[in-house]
Amino acid sequence: MKTALRNLAVVMLAFTLPIAAAAQRGPRPMPRPMPHPAPHPAPHPMPPPHPAPHPYPYHPGPPPAPHPYPAPYPHPYPHPYPHPVPVPVRPVPVPVVPVPVVPVFHPIYPYYYHPFVPYAWGPYWNPVGAIVATIATTAIVVTIANQAYHYDSGVFYVQVDNGYKAVPAPVGATVPSLPNGADKIKVNDKVYFYYGGTFYAKQSGDYIVVSAPNGAIVYGLPDGAKNVTVDGKQYMLYNDTYYQPVQQKNQNAYEVVGVSGTPAQ
């Protein structure tokens, strides 16, 4: 108990001694204010960094050599033309295939097929295409469309290098007479004469070559006539004229049914 009281007295004495000393020294002076530091000047801006040196120094070198061609410089492989021009596209022409004209016949007599046998008009008559070395001195010269024809024994010839060649009779040619054996044919009240595959009409005492009249009946066709098929039937074609095989007076005959390009109507 005594020890505890002694310790308490020591503690109280430790607190009271500083207070008593301070009361004897008087009031404590105010602390001196801290001086304000002078403001620092603004920092100087940093200079821009210098570019890094190029690792390889630049050397201009020699000037470039002039171009071998003057300006404007052409292509190293120029076009074959100075100024290429576009090639126009042209349409490819389509070939026009002519459509064969099928003649339409309106014959008067019924069709009657019989085989073709060429007919000859005597020893002085020659078919178309035959060439003779000479002709009679009595041959008549007829000019049609600036072409001279020699008429002899019912045949028309043109002069060639090796003689005279028999040709189809030109329409419009006029001769003074016909050979013996010419057939007289009547068609639509008109009179015609037929000899050697050629039709004639009488005109002012002469005989003029005419186109074959439709409906005419003849009993012989010369050598050179060709077989043609129209609508499954056999016809004869000679000198651009179509003949239909028929039978007249119990004889084989041919009827004129159309001219090539202008069939009978």
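## Starting at Gly224

Gly224 touches Leu237 and Tyr238, leaving out residues up to four places away in sequence; touching, or contact, means heavy atoms within 4.5 Å. Before going on, a quick word on what you're looking at: this is a predicted model, in which local features need pLDDT of at least 70, side-chain atom pairs count only at pLDDT 80 or more, and totals for chains, interfaces and linings use all residues. Residues are numbered from 1 along each chain as its sequence is written, and side-chain values use heavy atoms, with hydrogens and water left out.

So where does Gly224 sit? Look in the loop between strand S11 (217-218) and S12. Strands here are DSSP runs of E with at least two residues, and helices are runs of H or I with at least four residues, numbered from the N terminus. Gly224 has a relative accessible area of 43%, so it is partly exposed; buried means under 20%, exposed means over 50%, and partly exposed is in between (1.4 Å probe, protein chains only). Gly224 and Val128 are 96 residues apart along the chain, yet their C-alpha atoms are separated by 7.0 Å.

Follow the chain into strand S12 (residues 226-230), which runs antiparallel to strand S13 (residues 233-238) and is joined to it by 5 bridges. Two strands pair if DSSP finds at least two bridges between them. In this pairing, Val228 stands opposite Tyr235 in S13. The hairpin of S12 and S13 has 2 residues between the strands, and Asp231 takes a positive phi near 55 degrees there. That's worth a second look, because most residues other than glycine have a negative phi. Asp231 is also exposed, at 71% relative accessibility.

Next comes another hairpin: S13 and S14 have 2 residues between them, and Asn239 in the turn has a positive phi of about 55 degrees. S13 and S14 pair in the antiparallel sense over 3 bridges, with Met236 standing opposite Tyr243 in S14.

Is Thr241 buried or exposed? Thr241, in strand S14 (residues 241-248), is buried, with a relative accessible area of 6%. Leaving aside neighbours within four places in sequence, Thr241 is in contact with Ala212, Met236, Val256, Gly258 and Val259.

## An open sheet of five strands

Now for the sheet. Here 5 strands form an open sheet in the order S6-S10-S9-S8-S7, with antiparallel pairing. Strand S6 (174-175) and strand S7 (183-187) stand at the edges with a single partner strand each, so one side of each has no neighbour in the sheet. What holds such strands side by side? Strands of a sheet pair through backbone hydrogen bonds, either parallel or antiparallel.

Elsewhere, Ser204 is found in the loop between strand S9 (198-203) and strand S10 (206-210). Phi of Ser204 is near 55 degrees, a positive value in a residue other than glycine. Ser204 counts as exposed, at 76% relative accessibility. From Ser204 to Pro176 it's 28 residues in sequence and 9.8 Å in space, C-alpha to C-alpha.

## Aromatic rings

Rings of Phe, Tyr and Trp (its six-membered ring) pair if their centres lie within 6.5 Å, and the count comes to 8 aromatic pairs. Tyr151 and Phe156 have ring centres 4.8 Å apart and planes at 50 degrees, so the pair is tilted; planes under 30 degrees apart count as stacked, over 60 as edge-to-face and the rest as tilted. Tyr151 is buried at 6% relative accessibility, and Phe156 is buried at 2%.

Ring pairs also link Tyr119, Trp121, Trp125, Tyr194, Tyr195 and Phe199 into a cluster.
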